[in-house]
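The sequence and structure come first.

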Amino acid sequence: MTEPSIFTRILTGEIPAEIIGETDRLFALRDIAPQAPVHLLVIPKTADYRDVTELAAGDAGLLAELIAFAKELAAQHTPDGDFRLVFNTGANAGQTVFHVHAHVLGGGLTEKSVGA
């Protein structure tokens with residue numbers, strides 16, 4: 001049996017974090033190493049999917065909910081509602097937590113966020 005991900009541990013209260021939004025199947029928090037003025041994480045409450053490809057194949061409805069929730073959060077937390085939605089898939093693509101999650105980036109692009 002694998003250990004629970006950091007996101008599962010946050011959701012169960014084992015690791016403290018400020019949850020900034022929540023639905024029945026999703027929750028959101030601020031990224032601890034932001035890459036843009038607004039950098040949020042949208043995370044399914046289920047740990048059944050390691051990455052977005054597994055989520056798309058296993059529960060397309062939850063993926064659609066995640067995207068809609070990301071849009072709501074961007075409308076609440078960015079000055080103009082514009083945002084970038086990023087899923088890292090695989091270690092070589094920068095994924096470090098293998099519990100699917102989306103990065104919501106907004107609030108203006110910086111050199112850091114565009115990789116300049």
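Serine 5 is buried, with a relative accessible area of 17%; buried means under 20% relative accessible area, exposed over 50%, and partly exposed in between, with a 1.4 Å probe and protein chains only. The model is predicted, so local features need pLDDT of at least 70 and side-chain atom pairs count only at pLDDT 80 or more, while totals for chains, interfaces and linings use all residues. Residues are numbered from 1 along each chain as its sequence is written, and side-chain values use heavy atoms, with hydrogens and water left out.

**Serine 5 and its surroundings**

Serine 5 sits in the segment before α1 (6-11); helices (H or I, at least four residues) and strands (E, at least two) are DSSP runs numbered from the N terminus. Its side chain makes a polar contact with the side chain of histidine 99 at 2.9 Å. A polar contact is a pair of N or O atoms within 3.5 Å; within protein, one must be able to donate a hydrogen and the other to accept it, and residues adjacent in sequence count only if both atoms are side-chain atoms. Not counting residues up to four places away in sequence, serine 5 touches Val97 and His99, contact meaning heavy atoms within 4.5 Å.

Valine 97 lies in the loop between β4 and β5. Leaving aside neighbours within four places in sequence, valine 97 is in contact with Ser5, Ile6 and Phe7. Proline 4 is also placed in the segment before α1. The table gives two C-alpha to C-alpha pairs.

| Pair | Apart in sequence | Apart in space, C-alpha to C-alpha |
|---|---|---|
| Valine 97 and serine 5 | 92 residues | 6.9 Å |
| Proline 4 and arginine 25 | 21 residues | 17 Å |

Proline 4 is partly exposed, with a relative accessible area of 45%, whereas valine 97 is buried at 17%.

**Nonpolar cores**

A nonpolar core is a set of buried Ala, Val, Leu, Ile, Met, Phe, Trp, Tyr and Cys residues joined through side-chain atoms within 4.5 Å. The largest has 19 residues, of which Val42 and Leu55 touch the most other members. At least two residues of this core come from each of β2 (26-30), β3 (38-44), α2 (52-58), α3 (60-77) and β5 (102-106). Helix α3 gives the most, with 7 residues. A second, separate core of 7 residues includes Phe7, Ile10, Ile43 and Val97.

Not counting residues up to four places away in sequence, leucine 55 touches Tyr49, Ala60, Leu62, Leu63, Leu66 and Val100.

**The largest pocket**

The largest pocket has a volume of about 500 Å³. On a 1 Å grid over the protein atoms alone, a pocket is an open set of points where a 1.4 Å probe fits, with protein on both sides within 12 Å along at least five of seven lines; lining residues have an atom within 4 Å of a point. Grid points are joined across faces, edges and corners, and the volume is the space filled by probe spheres set on the points.

The lining has 25 residues, and Phe7, Asp31, Ile32, Leu41 and His103 lie nearest the centre of the pocket. Helix α1 supplies the largest share, 3 residues.

Histidine 103 is in strand β5 and is buried, with a relative accessible area of 10%. The side chain of histidine 103 makes a polar contact with the side chain of histidine 39 at 2.7 Å.
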